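Open the model in your viewer, keep the sequence panel beside it, and follow the stops below in order. At each stop you will be told what to select and what to look for there.

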Amino acid sequence: MIYHIAEYLDRTIDLPGAGMFNYISFRSALAIVVSLLIGMVFGKYIIRLLQRRQIGEEVRNLGLEGQLQKRGTPTMGGLIILAAILIPVLLFADLTNIYVQLMLATTVWLGLLGFLDDYIKVFRKRKEGLNGRFKILGQVSLGIIVGTTMWISPQIVSREPAAVRQQNEVERVVANDLGNRRTVLYLTPPEKSTDTTVPFFKNRTLDYRNLIPIEGKWGDTLGWLLYILVATFVITLVSNGANLTDGLDGLAAGVSASIGVVLGILAYLSGNVIYSEYLSIMNIPGSGELLVFAAAFVGALLGFLWYNSFPAQVFMGDTGSLAVGGIIAVFALLIRKELLLPILCGVFIVESCSVIIQVFWFKYTKHRYGEGRRVFLMAPLHHHYQKKGYFEVKIVTRFWIVQLLLAAITLMTLKIR
């Protein structure tokens with residue numbers, strides 16, 4: 001809102017300083033500062049409110065060190081994260097931008113889904129919370145909404161360097177670099193496409209449309225339907241992966257903050273004509289505005305860590321974890337970098353796979369040998385290390401270090417191609 005007011009004042013009366021809001025970097029800096037302040041300053045008031053309402057965590061005795069001491073710690077702290085994301089974005093982002101609108105819708109949608117799950121656990125005293133089928137239905141519905149919007153919205157287009165598709169007609173684009181010098185580039189015209197970036201390969205994209213062996217309009221439609229299925233799968237996988245990772249103090253928030261930094265960098269590069277052409281990656285007009293959202297996202301997580309680091313004063317609950325995972329997934333889809341998620345979100349995926357492997361092997365051995373056997377001492381993976389006697393802080397710190405390594409590798413894919 002402040003962005004639109006400043007834009008109006010700059011255009012109509014040339015108010016000194018109002019032009020600063022035209023710069024994404026300036027608004028992103030404001031967003032991260034405000035989100036940090038909301039998380040750190042107002043977070044304590046939300047925690048007190050949760051304590052007065054007796055919204056505490058019910059902890060089952062799983063034989064983990066220090067686990068029972070966490071009983072009664074306020075949950076639903078994801079409300080802090082949601083507020084610290086939404087308020088700065090509403091203040092400083094371009095609300096007419098379709099990418100910002102989709103990210104706001106994702107945050108609210110999955111935030112409400114997680115809130116409902118926490119509400120059932122806390123107030124209805126049902127430990128299983130919202131039925132798993134309804135969770136999946138909510139995530140699938142979001143995938144359909146995001147995928148369909150990317151299909152039908154005229155604002156969502158992409159363009160590629162001329163070298164990527166030599167046979168296409170290219171157009172001359174004049175842009176200014178950081179030194180305000182004019183640079184002439186040759187890119188394909190803006191177009192609707194189901195292309196996505198393929199890591200480690202230069203001048204190569206994957207077009208989901210090419211996976212459909214049908215020509216004409218029907219083939220185009222099926223290509224987009226395939227893309228919607230992919231979007232739904234990615235959102236469901238990453239959202240649940242973040243939910244499973246949220247098991248130790250500061251683990252999910254710290255890992256997600258690192259992911260948010262990388263996604264913000266990728267969004268800025270994809271939205272900038274010069275940088276995207278230099279790196280031979282897809283240029284997505286308007287996606288640079290997502291840097292403001294990424295800044296608010298990272299600031300919100302760091303502000304939440306102020307209270308969530310060991311020993312945690314509040315847990316994010318499903319209100320936060322489902323929303324955080326969904327935000328990461330949708331963000332990657334919007335900038336056409338979903339194929340980088342297996343690297344960037346490696347911690348989430350390993351945590352999810354540890355649960356899948358554990359459940360599958362237990363059921364298989366129980367059916368074959370009459371008793372269930374386990375691959376890990378406990379799943380998700382972070383509990384396996386707890387059972388081995390590692391201190392919680394050491395596990396969290398090492399997971400953070402692994403995530404930083406994965407983040408660095410993800411950024412390296414821009415040049416290792």
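A contact, in this tour, means that heavy atoms lie within 4.5 Å. The model is a predicted one, in which local features need pLDDT of at least 70 and side-chain atom pairs count only at pLDDT 80 or more, while totals for chains, interfaces and linings use all residues. Residues are numbered from 1 along each chain as its sequence is written, and side-chain values use heavy atoms, with hydrogens and water left out.

**The whole chain**

Colour the chain by secondary structure, and you can look for 14 helices and four strands; helices (H or I, at least four residues) and strands (E, at least two) are DSSP runs, numbered from the N terminus. Of the 417 residues, 51% count as buried, where buried means under 20% relative accessible area, exposed means over 50%, and partly exposed lies in between, using a 1.4 Å probe and protein chains only.

**The nonpolar core**

Which residues touch the most other members of the largest nonpolar core? Select Ile328 and Phe331, which hold that place among its 96 residues; a nonpolar core is a set of buried Ala, Val, Leu, Ile, Met, Phe, Trp, Tyr and Cys residues joined through side-chain atoms within 4.5 Å. Helix H9, residues 290-308, gives the most to this core, with 12 residues. In soluble globular proteins, nonpolar side chains tend to be buried together.

Stay with Ile328 and show what surrounds it: leaving out residues up to four places away in sequence, Ile328 touches Val238, Ser256, Ile259, Leu263, Phe297, Leu341, Cys345 and Phe348. One of these, Cys345, counts as buried because its relative accessibility is 1%. Cys353, by contrast, has a relative accessible area of 35% and is therefore partly exposed. A search of the whole structure finds zero disulfides, a disulfide being a pair of cysteine sulfur atoms within 2.5 Å.

Next select Pro88, which sits in helix H3, residues 78-92. Is Pro88 buried or exposed? Its relative accessible area is 0%, so Pro88 is buried. Apart from neighbours within four places in sequence, Pro88 is in contact with residues that include Ala31, Val34, Ser35, Ile38 and Ala296. Draw a distance from Pro88 to Ala31, and you will find them 5.1 Å apart, C-alpha to C-alpha, although they are 57 residues apart in sequence.

Move on to Thr232 in helix H6, residues 216-245, which counts as buried because its relative accessibility is 11%. Setting aside residues up to four places away in sequence, Thr232 touches Val140, Gly143 and Ile144.

Then select Leu49, which lies in helix H2 and is partly exposed because its relative accessible area is 39%.

**Loops with backbone features**

Turn to the loop between H9 and helix H10 (317-334), where Pro311 is found, and look at the cis peptide bond that joins Phe310 and Pro311, with omega about -5 degrees. Another cis peptide bond joins Ala379 and Pro380, with omega about 0 degrees; Pro380 is in the loop between helix H12 (346-369) and helix H13 (381-387).

Now select Ser280, in the loop between helix H8 (273-278) and H9, whose phi is near 55 degrees, a positive value in a residue other than glycine. Arg336, in the loop between H10 and helix H11 (341-344), also has a positive phi, of about 60 degrees, although it is not a glycine. Arg336 counts as buried because its relative accessibility is 3%.

**The second largest pocket**

Finish by selecting Asn22, Tyr23, Ile24, Tyr268 and Asn272, which lie nearest the centre of the second largest pocket, among its 12 lining residues. The elements that give two or more residues to this lining are helix H2 (24-52) and helix H7 (251-271). On a 1 Å grid over the protein atoms alone, a pocket is an open set of points where a 1.4 Å probe fits, with protein on both sides within 12 Å along at least five of seven lines, and lining residues have an atom within 4 Å of a point.
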